[in-house]
Amino acid sequence: PHPRLATAPALATSTLARHRSRAVTWLAGCMAQAPPKPGIAPVELAISCVFSVFFTTNALLDLSADLWALDAPRARLAFLRDWYVFRQWSPIVSPIFLALTLLLPFAVFTLCKGALESICGWRSASRLRHTVDILEAVILVGVILPIGIPAAVSAQEALIAACKGSVTGGVSGGGPLGFFSADTTATLRPGDMSACKASAAELPSPHLLMVALNLLMWACDV
């Protein structure tokens, strides 16, 4: 074969290796010259902790209600149905939830920006800081918003629908604030118990998931 044709593969391999080495060197230089990530301001840390504590507490309350009701379903599933009716618009908690939800787009933007800075090497920081920034964005945008919240809300609505019209007694709007009842002996009719109990059994899993995810977000904050 012609001498040039014989050496063509070797030349191509050498050229490719040279360009790849230059690309790696350029990328390493860019990452070395990247400005450092700014520290977390006390106000930002406080806001993040408020988010995490509020949503963790709500998830713990829901999980506690699930486990308590399932421990004695015949006497307590009526309470669980009324609990989630109450949770749809509770007088104090729901406005706070709405206010925090309005701030959610800013939180999503901040977390995604921090994650992209770590992934693309736009900012330099310790390995732990990069890991935490990426993990927070993945948990919130990839798990809590598209999976955790829809699963929990869907299970709660299914329970309300399954137990609707099957309660004798229960929460009826009494009490000092107008949304609690003095009747604590509400029960379900036998014919409705199986459907209501099946719906209630689906609740602990999404609520436990939300507890775990919010605790993990809290750990990333601190």
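Ile 160 is situated in helix α6, where helices (H or I, at least four residues) and strands (E, at least two) are DSSP runs numbered from the N terminus. The model is a predicted one, in which local features need pLDDT of at least 70 and side-chain atom pairs count only at pLDDT 80 or more, whereas totals for chains, interfaces and linings use all residues. Residues are numbered from 1 along each chain as its sequence is written, and side-chain values use heavy atoms, with hydrogens and water left out.

With a relative accessibility of 16%, Ile 160 counts as buried; the term buried denotes under 20% relative accessible area, exposed over 50%, and partly exposed the range in between (1.4 Å probe, protein chains only). Contact is defined as heavy atoms within 4.5 Å. When residues up to four places away in sequence are not counted, Ile 160 touches Arg 81, Tyr 84, Val 85 and Gln 88. Between Ile 160 and Trp 83, 77 residues apart in sequence, the C-alpha to C-alpha distance is 9.5 Å.

Trp 83 is among the buried residues of α3, which also include Pro 73, Leu 77, Ala 78, Leu 80, Arg 81, Asp 82 and Tyr 84. Helix α3 comprises 16 residues (residues 73–88), and its end C-alpha atoms are 22 Å apart, in agreement with the 22 Å that it should span at 1.5 Å a residue. The expected span of a helix is taken as 1.5 Å times one less than its number of residues.

At the level of the protein chain, the secondary structure comes to 8 helices and 2 strands. The order of these elements from the N terminus on is α-α-α-α-α-α-β-β-α-α. Of the 222 residues, 30% count as buried. Among contacts in the protein chain with a separation of 6 or more, 73% are accounted for by residues 24 or more positions apart. The accessible surface amounts to about 13700 Å², and 71% of this surface belongs to carbon and sulfur atoms. Accessible areas come from the Shrake-Rupley method with a 1.4 Å probe, and for residues only the protein chains shown count as cover.

The structure contains 1 disulfide, a disulfide being a pair of cysteine sulfur atoms within 2.5 Å. This bond is formed by Cys 163 and Cys 196, with their sulfur atoms 1.6 Å apart. Cys 163 lies in helix α6 (residues 127–163) and Cys 196 in helix α7 (residues 190–201), so the pair ties together parts that are 33 residues apart in sequence. The disulfide is right-handed because the torsion about the S-S bond of Cys 163 and Cys 196 is about 90°. Cys 163 is buried at 0% relative accessibility, and Cys 196 is likewise buried, with a relative accessible area of 0%. Cys 112, by contrast, is partly exposed at 28%, and Cys 120 is partly exposed at 37% relative accessibility.

Helix α5 (residues 104–120) has 17 residues and should span 24 Å at 1.5 Å a residue, which agrees with the 24 Å between its end C-alpha atoms. The buried residues in α5 are Leu 111, Gly 114, Ala 115, Glu 117 and Ser 118. They cover an arc of only 160° around the axis, which puts them on the same side of α5; the arc is that of the directions from the helix axis to the C-beta atoms. An α-helix has 3.6 residues a turn, so residues three or four places apart point the same way. Pro 105, Phe 106, Phe 109 and Ile 119 are exposed on the other side of α5. The cover over the buried residues of α5 includes α6 and α8 (204–221). Just after α5, Gly 121 adopts a positive phi of about 75°.

Aromatic pairs number 6 in the structure. Rings of Phe, Tyr and Trp (its six-membered ring) pair if their centres lie within 6.5 Å, and planes under 30 degrees apart count as stacked, over 60 as edge-to-face and the rest as tilted. The rings of Phe 54 and Phe 55 have centres 5.3 Å apart and planes at 80°, so this pair is edge-to-face. Phe 54 is buried, with a relative accessible area of 15%, whereas Phe 55 is partly exposed at 21%. One aromatic cluster is formed by Phe 51, Phe 54, Phe 55 and Phe 97.
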